[in-house]
Amino acid sequence: MERNEFYERLFQRAKEAGFSACEVYYAAGESFSVTVFGGEITDYSASEACGLGFRGLVDGKMGYASTQALDEDSIALLVEGARENARLIECEDEQFLFAGAEKYADVQNYCPDIDETTGAEKIKLCKSLETMAVAMDARLRREAEACVFSESSAVEIVNTLGLRVERRSNIIGGYVQPVAEEGGRVSSGFSLFFENDPAKIDAEKAAREAVKEAVDGLAAKSVPSGSYRVLLKNDVAAQMLRTFSGVFSADRAQKGLSLLKGREGEKIAADCLTIADEPHLPGRAASTPFDGEGVPTYRKEVVSGGVLRTLLHNLKTAKKQGVETTANACRGGYGSPVGVAPSNFCVQPSNLAFEDMLDLLGDGLLITDLQGWHAGADVVSGDFSLPARGYRVENGKIAGSVNQITLAGNFFALLKSVEAVGGDVKFSAPGASAFASPSLLIPALSVAGK
């Protein structure tokens, strides 16, 4: 059945069943991934998927149901499924559908060249990435794991109040993980890359970054336990922001799961720290003209000069708090309920180059990798204790690589203590939300070493 016909018949059936308003969220996507090791393909996948989420208001409750088939049988199942789901809901929060807006931003984050890049071309890129990496240093093993992936997605939201919006996005990327050996010591490196245009991929740069990390790690040593001045490299800082981003969700705050509840207008971070949600950045897969409820998105500073200006809201949380939505409703997939999440959540940069940040650090540690986020970070309290590696820095110069240490602290305390913000912004791994940060200078963090 053609989609628009399906929508019309579904909405009519829902109206007859007593729904006062209803909505469909249609999502379709393609994904590709190839992994190479030793010149041989060790993993390959290519898939297409689509599905439809239905939600509607019945007796004042919002019911949800979903399907992958757009046929006559699915219409009845969706309506009855959503009605039954609504009956089981105990939450008394008022629910809403959005009627649409006159104007939405023109967001450019779809590149036809990605979808036109063939599987054979991606395999060739993957193999060349491995070949390039292992040839860069004699201490490298002749095999390295390399991967190239691509994703393309489309979303359409239509409801009975007049809303009809759609968007497309895609991305291509990969990683390489070489291993170095010398004198019985083994060290690995890793570099991830992703772009919105195949022409922007710099495979050689990615290979060099991974090889440097692997080779430098051969001479890595621990350091004595103590308190150190620390420079969090940009991608590490971005991952830190990703891990603790839930504290900025009004939904989590209203459920008692964020220590920022009710603290709008308070100073929660250093003067030099501003964090903005930027949904209209060109070429970013998480950029979007509308949120998961169809509300037009816009740039907003969540933290401005250290002051918490707002939490992130959808229509429900905004109504509950008596404020306007920040257009941060999210859907984890077509079958998921509406939640809250940022789009491109970015620490705003300064004009300081990375070398300037090293000079400001003086003597301390440059942290280039933190691991064990799921086990070592408490997203409610903000406490973290994570295995780390990086470099010793003396008089603003990198002096030697460091491993076998654990970095510990608290996210909320870290926000307040940021001494300087760099200008070298980098995004973490792509997802439904994206996170970016420049390098951050922290005056004191606890390090457990030898």
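What is the order of strands in the open sheet of six strands, and what is the pairing? The order is 12-11-10-15-21-20, and the pairing is mixed. Strands (E, at least two residues) and helices (H or I, at least four residues) are DSSP runs, numbered from the N terminus. Two strands pair if DSSP finds at least two bridges between them.

This is a predicted model: local features need pLDDT of at least 70, side-chain atom pairs count only at pLDDT 80 or more, and totals for chains, interfaces and linings use all residues. Residues are numbered from 1 along each chain as its sequence is written, and side-chain values use heavy atoms, with hydrogens and water left out.

## The open sheet

Strand 12 and strand 20 (426-427) are the edge strands. Each of them pairs on one side only. Strand 11 covers residues 300-304, and four of its five residues are buried. Buried means under 20% relative accessible area; exposed means over 50%, and partly exposed lies in between (1.4 Å probe, protein chains only).

Strand 10 (residues 275-277) and strand 11 run antiparallel, joined by three bridges. Ala276 stands opposite Glu301 of strand 11. Ile275 stands opposite Val303 of strand 11. Strand 11 is also joined to strand 12 (residues 307-308), by two bridges, and this pair is antiparallel too. Here Ser304 has Val307 as its bridge partner in strand 12. Strand 11 and strand 12 form a hairpin with two residues between the strands, where Gly305 takes a positive phi near 55 degrees.

Strand 17 and strand 18 form a hairpin with two residues between them. Asn395, in that turn, has a positive phi of about 50 degrees.

Ser401 sits in strand 18. Its relative accessibility is 9%, so Ser401 counts as buried. Contact means heavy atoms within 4.5 Å. Leaving aside neighbours within four places in sequence, Ser401 is in contact with Asp216, Gly217, Ala219, Ala220, Lys221, Gly390 and Tyr391. Phe345 is 56 residues from Ser401 along the chain, and their C-alpha atoms are separated by 30 Å.

Ser343 lies in a loop, between strand 14 (338-340) and strand 15 (344-347). Ser343 counts as buried because its relative accessibility is 7%. Not counting residues up to four places away in sequence, Ser343 touches Asp277, Glu278, Pro279, Ala286, Asn328, Ser433 and Ala434.

## The nonpolar cores

In soluble globular proteins, nonpolar side chains tend to be buried together. A nonpolar core is a set of buried Ala, Val, Leu, Ile, Met, Phe, Trp, Tyr and Cys residues joined through side-chain atoms within 4.5 Å. The largest such core here has 49 residues. Those with the most contacts inside it are Leu232, Met240, Phe248, Ile367, Leu370 and Leu407. Helix 6 gives the most to this core, with five residues. Apart from it lies another core, of 25 residues, including Val34, Val148, Ile201 and Val211.

Leu407 has contacts beyond its neighbours within four places in sequence, among them Val230, Leu232, Ile367, Leu370, Phe384 and Leu445.

Why is helix 6 called largely enclosed by the rest of the structure? Eight of its eleven residues are buried, so helix 6 is largely enclosed. Met240, Leu241 and Phe244 are among these buried residues.

## The cavity

On a 1 Å grid over the protein atoms alone, a cavity is a set of points where a 1.4 Å probe fits but cannot get out; lining residues have an atom within 4 Å of a point. Grid points are joined across faces, edges and corners, and a volume is the space filled by probe spheres set on the points. The count is one cavity of 30 Å³ or more. The largest cavity has a volume of about 90 Å³. Its lining includes Leu232, Met240, Ile275, Val347 and Phe411. Helix 6 (234-244) and helix 11 (411-417) are the elements that give two or more residues to this lining. By class, the lining has twelve nonpolar, no polar and no charged residues. Ala, Val, Leu, Ile, Met, Phe, Trp, Tyr, Cys and Pro count as nonpolar, Asp, Glu, Lys and Arg as charged, and the others, Gly among them, as polar.

Key. On a 1 Å grid over the protein atoms alone, a cavity is a set of points where a 1.4 Å probe fits but cannot get out, and a pocket is an open set with protein on both sides within 12 Å along at least five of seven lines; lining residues have an atom within 4 Å of a point.
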